[in-house]
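Hi,

Here is the structure I promised to pass on to you. Have a look at it first, and then read my notes below.

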Amino acid sequence: MWIPGISSIEIRVEAAAVEMTAAVYNYMANQVNYQKQLDAVITEHQKKGETPTVVLHSCCAPCSSYCLLYLTEGFRIIDLYYNPNIYPEEENQKRADELKRLIEAYGSQGRLKHDVAFVEGKYDSGRFYELVKGLEHLPEGDERCKVCFRMRLTEAALLAKEMGADYFATTLTISPLKNASVINTIGNAIAEETGVRYLPTDFKKKDGYLKSCILSKEYGLYRQDYCGCVFSKRDREAEYTK
Ligand code: SF4
């Protein structure tokens, strides 16, 4: 799904701005507990007897396994698989199919308290390569990843807007390799631009990552050994040959 109204240049400029903001957030990292912020939002809605809808950007089935079970307690979920950064295309389809299988399994076992709909986004990989031009050499966790996060979260925000959902969020914060402060800073910036509320998360808290590993084993989920793009694949393969 292409995003109208937001250009590649805007995304790159915003990513640079996020770096500065994230530096401040990193300084405050121990003071900002995004998991607590999420729980406060859930409690507030529960007190009012509300079940809001969230568009959850999902990167893969293993990461989504825990996030879906956590969020279904308080939200209706529109699960968006949109990851044109993934290389190659067959890998992207494999991850999408595995996520769909997981949601269907959860549904048939009655593990989802509220509705979960699955949406598969377009594999517009050309867009990813255009956005990260000049950043190909960087290691995972650097500038390229901020652009990649922004591309995917923006898609979730725009889908939320289109579908009238209350929030957008991402499963990306569950990864121990990803900086939750950076991801949440990007999410908040997109919320300001689009007018859609961002749901803060840090899914790795409360042993979220460990629980996702247990769920992955329980459901026999395919777990990839590289983040997703051709550059992360290159770096992982180089590690293997050391
Ligand atoms: S390493 Fe992962 S987060 Fe970073 S650009 Fe590649 S796919 Fe995106």
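A word on terms before we start: helices (H or I, at least four residues) and strands (E, at least two) are DSSP runs, numbered from the N terminus. The expected span of a helix is 1.5 Å times one less than its number of residues.

Please keep in mind that this is a predicted model, where local features need pLDDT of at least 70 and side-chain atom pairs count only at pLDDT 80 or more, while totals for chains, interfaces and linings use all residues. Residue numbers start from 1 along each chain as its sequence is written.

**Helix H4**

Helix H4 covers residues 89-108, 20 residues in total, and reaches 29 Å from its first C-alpha to its last, close to the 28 Å expected at 1.5 Å a residue. Its buried residues are Asn92, Arg95, Ala96, Glu98, Leu99, Leu102 and Ile103. Seen down the axis of H4, these fall within an arc of 160° and so line one face of the helix; the arc is that of the directions from the helix axis to the C-beta atoms. Buried means that 20 or more other C-beta atoms lie within 10 Å of a residue's own, exposed means 12 or fewer, and partly exposed is in between, with C-beta atoms placed from the backbone.

What do the buried residues of H4 pack against? Their partners are strand E1 (53-58), helix H3 (61-71), strand E2 (76-81) and strand E3 (116-120). Contact here means that the C-beta atoms of two residues, placed from the backbone, lie within 7 Å. The face turned away from the buried side of H4 carries the exposed residues Glu89, Glu90, Glu104 and Ser108.

Both ends of this helix have something to look at. Pro88 lies in the loop between E2 and H4, and the peptide bond from Tyr87 to Pro88 is cis, with omega near -10°. Just after H4, Gly110 takes a positive phi of about 70°.

**Around the ligand**

The residues around the ligand are Asn85, Glu140, Arg144, Cys145, Cys148, Cys227, Gly228, Cys229, Phe231 and Ser232; a residue counts as near if its C-beta atom, placed from the backbone, lies within 6 Å of the molecule. Helix H6 (143-163) and helix H9 (230-240) each supply at least two residues of this shell, and H6 gives the largest share, 3 residues.

**Some loop residues**

Lys206 and Asp207 are worth a click. Lys206 sits in the loop between strand E5 (197-198) and helix H8 (208-218) and has a positive phi of about 55° although it is not a glycine. Asp207, found in the loop between E5 and H8, has a positive phi of about 60° and is not a glycine either. Lys206 is partly exposed, with 13 other C-beta atoms within 10 Å, whereas Asp207 is exposed, with 11.

**The whole chain**

The protein chain has 9 helices and 5 strands, and 43% of its 242 residues count as buried. Its mean pLDDT is 92, with 88% of residues at 70 or more; pLDDT is the predictor's confidence in each residue, from 0 to 100. Confidence is lowest in helix H1 (residues 8-27), at a mean of 55, and highest in strand E4 (residues 167-170), at 99.

Enjoy exploring!
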